[in-house]
Amino acid sequence: MDAELEQVLADIGPRLRSLRRDRGMTLEELSAATGISISALSRLESGKRRPTLDLLVPLSRVHRVALDQLVGAPATGDPRVHLTPQRRRNGSVVIALTHYPGRVQVFKQVIGPRTPKLVAHAGYEWLYVLAGDLRLILGEREVVLRPGEVAEFDTGEPHWFGPAGDHPVEILHLFGPQGERAHVRARPKEPAAQHDEDR
């Protein structure tokens with residue numbers, strides 16, 4: 001086996017361990033989700049077991065990453081991203097636009113009406129409203145965002161977001177598990193044109 005292929009195979013184990021830890025999963029939970037024994041998973045992550053398709057396919061499904069990303073395959077030159085919508089209850093749909101564990105994750109979401117339930121967790125979120133009205137609750141505060149408006153907040157504060165009414169809302173959602181903030185760069189606001197009488 002050539003050295004390049006040997007390196008590709010050697011990199012799979014650490015990548016699998018990183019994926020599992022970034023998702024907060026134990027080996028026991030991953031074993032239950034994939035049907036692969038705990039010992040096989042442990043040996044695979046440590047590089048003591050050679051990765052095979054019958055092991056990698058269920059792992060790629062559980063981690064929701066493409067098989068070529070799991071093995072670190074080189075780009076094929078096709079710039080298209082093949083998205084897989086995940087349908088949820090109440091008519092909600094989530095489309096993961098990125099699949100890089102441990103980094104800022106980007107989602108397009110259509111959120112159907114649902115009952116507010118505040119949650120808190122580590123991280124930082126950035127929301128951009130594409131269509132509809134988004135109701136955002138942050139602790140004791142509540143705001144409604146319209147299309148084109150943006151909100152960002154530390155997810156350590158109890159929060160909830162969803163449609164402001166009975167119709168779904170469509171958003172872009174960025175989440176940084178380590179608290180990364182989105183940096184928005186914009187041109188400075190141009191001064192308003194003077195009226196003729198002021199000239």
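This report walks through the overall build of a predicted model and then looks at its salt bridges.

**The chain as a whole**

Let's start with the big picture. The chain has 5 helices and 9 strands.

How does the chain meet itself? Take the contacts with a separation of 6 or more: residues 24 or more positions apart account for 60% of these.

**Salt bridges**

How many salt bridges does a search of the whole structure find? The count is 6. Here are some of them, with the N to O distance for each pair.

| Pair | Distance (N to O) |
|---|---|
| Glu 45 and Arg 20 | 2.7 Å |
| Asp 133 and Arg 146 | 3.0 Å |
| Arg 141 and Glu 157 | 2.8 Å |

**The helix pair**

Look at Glu 45 and Arg 20, whose side chains meet in a salt bridge. Glu 45 sits in helix H3 (residues 38-46) and Arg 20 in helix H1 (residues 3-22), so this pair ties together parts that are 25 residues apart in sequence. Are these two residues buried or exposed? Both Glu 45 and Arg 20 are buried.

**The pairs among the strands**

Now move along to Asp 133 and Arg 146, which also meet through their side chains in a salt bridge. Asp 133 is in the loop between strand E4 (124-131) and strand E5 (134-138), while Arg 146 is in the loop between strand E6 (141-145) and strand E7 (150-154), so the pair ties together parts that are 13 residues apart in sequence. Asp 133 has a relative accessible area of 30%, which makes it partly exposed. Arg 146 counts as partly exposed too, at 44%.

Next up is the salt bridge between Arg 141 and Glu 157. Where do the two partners sit? Arg 141 is in strand E6, and Glu 157 is in the loop between E7 and strand E8 (159-163). That puts them 16 residues apart, and the pair links distant parts of the chain. As for accessibility, Arg 141 is partly exposed with a relative accessible area of 48%, and Glu 157 is partly exposed at 28%.

Definitions and conventions:
Residues are numbered from 1 along each chain as its sequence is written. This is a predicted model: local features need pLDDT of at least 70, side-chain atom pairs count only at pLDDT 80 or more; totals for chains, interfaces and linings use all residues. Side-chain values use heavy atoms; hydrogens and water are left out. A salt bridge is a side-chain nitrogen of Lys or Arg within 4 Å of a carboxyl oxygen of Asp or Glu. Helices (H or I, at least four residues) and strands (E, at least two) are DSSP runs, numbered from the N terminus. Buried means under 20% relative accessible area, exposed over 50%, partly exposed in between (1.4 Å probe, protein chains only). Contact means heavy atoms within 4.5 Å.
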